[in-house]
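Open the structure in your viewer and keep the selection tool at hand. The stops below go from a whole chain to a single residue.

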Amino acid sequence: MSNDIKGALRPAIGIFVLLALITGLIYPLAITAIAQAVFPHQANGSLVREGDIIVGSELVGQGFVSPRYFHPRPSAAGDGYDASASSGSNLGPTSADLEAAVVERVAAARADGVTGPVPAHMATASGSGLDPDISPAMAMAQVDRIASARGMPPQALRQLVERSIDHPTLGVLGESHVNVLRLNRQLDRMAPQSRP
Amino acid sequence: MANTTPEGWILIGGFIVLTVAMAKPFGLWLHAIYEGRRTWLSPIVGPVERLLYKVGGVDPAREQGWRGYAVALFLFNAIGILFLYALQRVQGVLPLNPQEFSGVAHPVAFNTAISFVTNTNWQSYGGETTMSHLVQMLGLTVQNFVSAATGIAIAFVLIRGFARRETRELGNFWADLTRITLYILLPSCFVYALLLVFLGVPQTLAGSVAATTMEGAGQVIALGPVASQVAVKMLGTNGGGFFNVNAAHPFENPGDLSNLVQMLSIFALGAGLTWTFGRAVGNTKQGWAILAAMLVLFAAGVSSAYIAEASGNPIHHAAGVDPSGGNMEGKETRFGPAASALFATVTTAASCGAVNSMHDSFTPVGGLIPLFNIQLGEIIVGGVGAGLYGFLLFAILAIFVAGLMVGRTPEYLGKKIEAREIKLAVLAIAILPLSILGFTALASVMLQGLEGLQDSGPHGMSEMLYAYSSGTGNNGSAFAGLTASNDFWGLTLGIAMFLGRFFVIFPALAIAGSLAAKKPIPAGAGSFPTTGPLWVGLLVGLILIVGGLTFLPSLALGPGAEQLAMLRGQTF
């Protein structure tokens with residue numbers, strides 16, 4: 001046994017060091033170099049720019065509170081949509097805290113004029129806290145509020161939502177969703193924002 | 001069946017079909033490496049391979065017995081633990097640390113080192129707030145490769161135990177480790193990582209960018225070399241994410257296509273190994289029978305989880321929430337209940353542990369399935385290598401039970417299964433309940449254990465049970481409401497991960513040694529056939545009986561009690 005250990009020491013160290021260099025440095029650095037050359041947009045976070053300003057990322061949700069915009073889902077990342085501290089609530093199905101949060105969100109939806117059952121996405125926090133999307137139902141539920149805040153016809157907003165729905169790949173791989181950042185940017189383009 | 005959709009069922013059915021379709025191509029590739037044959041990659045990879053042998057002073061043709069193999073494997077892993085621990089502690093003074101994180105604190109660094117070396121990848125830290133890029137690459141990514149290669153190497157040894165006759169020689173650990181890493185994991189991850197970047201996963205050495213949102217608020221967006229790590233964490237069933245929320249993060253898993261690819265990559269090598277096994281023992285039907293038993297268990301699990309998650313939470317429905325959306329707490333919009341329930345079942349059937357939704361927020365039944373998958377030993381396709389060698393331990397038990405029923409000395413693949421093999425198999429299988437139930441019992445009576453809980457009531461019990469199941473099973477997913485960063489949790493989970501890895505590995509290697517030494521006996525009319533539906537049924541039944549008898553009482557106290565509470569509308 002002790003001979004086995006002595007005999008294994010040199011290969012253990014030598015092969016560990018080389019495999020570490022290959023898989024831990026050469027591999028990720030080579031992928032970085034190729035990715036930066038071939039897919040620079042994705043490799044750098046799919047950033048959205050408005051002139052010189054970085055507005056955010058196509059893939060990462062951001063907070064919206066103004067009644068003039070579509071709102072994203074509730075978020076448990078930091079103080080909400082903190083893209084340097086992703087997190088879900090992790091509250092369990094019989095958690096009293098979660099029940100209280102859901103009741104509060106339902107009440108907020110009612111105050112915003114949502115009638116009937118409140119869309120599940122509106123009442124629950126996402127897994128990442130950075131969900132960039134909302135369900136079509138959640139978008140539609142906000143149309144009346146935005147229409148009255150902007151003085152726009154609700155019908156035009158409904159059409160905008162319809163046009164903005166991303167359908168699942170091959171029809172089955174995921175669920176239909178609407179990217180909130182893209183939707184709100186299109187909203188601003190439709191009706192140049194007057195001073196509130 | 002409330003609220004499930006045809007699209008959801010097509011996704012689940014299609015995924016199972018694709019898993020079957022992957023088995024042979026990946027199995028062929030693995031078989032070439034198992035035999036040490038030349039492949040089309042040899043001209044490129046060969047020189048690197050030979051350099052490793054030269055530096056290590058290894059003669060790849062010199063095979064080891066099971067003890068020599070075990071010593072080499074353990075020493076290599078021990079060095080991995082020490083190096084990873086040290087690297088985390090001193091990351092503050094090392095380069096590639098754009099966020100200027102200081103050294104990782106002791107219990108977390110200890111836990112993480114064991115966690116990544118044992119292929120568990122339990123994360124008691126948030127990646128983007130704790131680890132420098134250097135640790136993510138040179139520490140964590142390295143172990144993602146070599147812990148996966150270690151698992152596959154053990155599967156190779158056990159296969160050799162069945163396939164070889166009257167020999168002590170079971171292969172050379174250094175050659176297996178090097179070949180699996182250089183010929184399978186590295187080239188696949190190379191292509192896979194670039195595909196992920198194309199689909200939107202970042203790959204940069206920058207730390208973060210500052211954005212100004214449309215409403216004028218600041219948003220700091222964490223970035224890094226994500227794709228290279230995600231590729232290997234999936235293919236090697238490691239599961240440790242770059243970000244805190246793992247594959248729920250839109251940067252790790254940007255869309256439904258990346259989601260499908262990631263789920264398939266979790267199963268690819270595990271499914272392939274069942275085929276490799278059949279080929280190596282001379283009858284591919286032997287491999288298909290094992291995969292069939294795995295997929296029967298998988299289909300039952302994923303269906304239950306999907307129905308539970310699509311049905312949603314009646315407590316929330318009573319508060320005014322639309323039931324048609326299902327349980328969306330902790331789930332991403334782009335995935336929804338079907339792709340989330342499927343991912344959760346896949347990641348726990350294999351010992352991956354990556355998550356695209358928060359298992360802690362699943363309904364009680366939806367959370368029970370991942371938990372039970374882990375407790376069965378993650379043998380449903382399973383972790384790379386670990387799934388197959390774990391499953392073969394159950395197969396040995398099943399053939400023993402079949403032998404008892406007909407009063408004949410059991411034999412499997414021409415090898416007599418005798419007292420020594422049964423003792424070793426039971427030892428390996430018994431470590432799961434000992435560690436899982438033992439530590440859960442300990443934590444539930446210790447103040448230090450209870451202070452980690454987020455939820456009270458039966459869900460708190462589930463959080464503890466899940467943590468030790470995940471640790472012992474080397475899964476790494478969590479009911480993440482639990483805060484496992486204090487000394488008690490860091491230490492006990494570290495021990496659980498170590499026990500669950502090496503106290504299964506050593507018996508598995510010993511069985512291989514004992515089987516390889518045996519003289520094969522030709523199959524006769526009285527031999528139990530291990531290819532047909534009868535065998536598949538026996539395997540499924542035995543696995544469910546062993547797992548069920550062992551864990552049902554604890555599951556009744558956790559998810560069982562919570563389901564009843566939820567239906568009554570009771571919260572805690």
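This is a predicted model: local features need pLDDT of at least 70, side-chain atom pairs count only at pLDDT 80 or more; totals for chains, interfaces and linings use all residues.

Now switch to a cartoon view of chain B. There are 19 helices and four strands in chain B. Of its 572 residues, 63% are buried. Look also at which parts of chain B touch each other: among contacts between residues at least 6 apart in sequence, 79% join residues at least 24 apart.

Next, show chain A as well and select where the two chains meet. On this interface, 106 residues of chain B are in contact with 90 residues of chain A. Which helix of chain B gives the most to the side that touches chain A? Select residues 173-198 of chain B: this is helix α7, which gives nine residues. Colour the whole side of chain B that touches chain A by residue type, and you get 54 nonpolar, 39 polar and 13 charged residues.

Last, move to chain A and select residues 2-38, which form helix α1. Ala33(A) lies in this helix. Is Ala33(A) buried or exposed? Ala33(A) counts as exposed because it has 12 C-beta neighbours inside 10 Å, and a residue with 12 or fewer is classed that way. Then select Ile53(A) too: Ala33(A) and Ile53(A) are 20 residues apart in sequence, and their C-alpha atoms are 25 Å apart in space.

How values were computed: Residues are numbered from 1 along each chain as its sequence is written. Chains are lettered from A and ligands numbered from 1 in the order in which they are written. Two residues are in contact if their C-beta atoms, placed from the backbone, lie within 7 Å. Helices (H or I, at least four residues) and strands (E, at least two) are DSSP runs, numbered from the N terminus. Ala, Val, Leu, Ile, Met, Phe, Trp, Tyr, Cys and Pro count as nonpolar, Asp, Glu, Lys and Arg as charged, and the others, Gly among them, as polar. A residue is buried if 20 or more other C-beta atoms lie within 10 Å of its own, exposed if 12 or fewer, and partly exposed in between; C-beta atoms are placed from the backbone.
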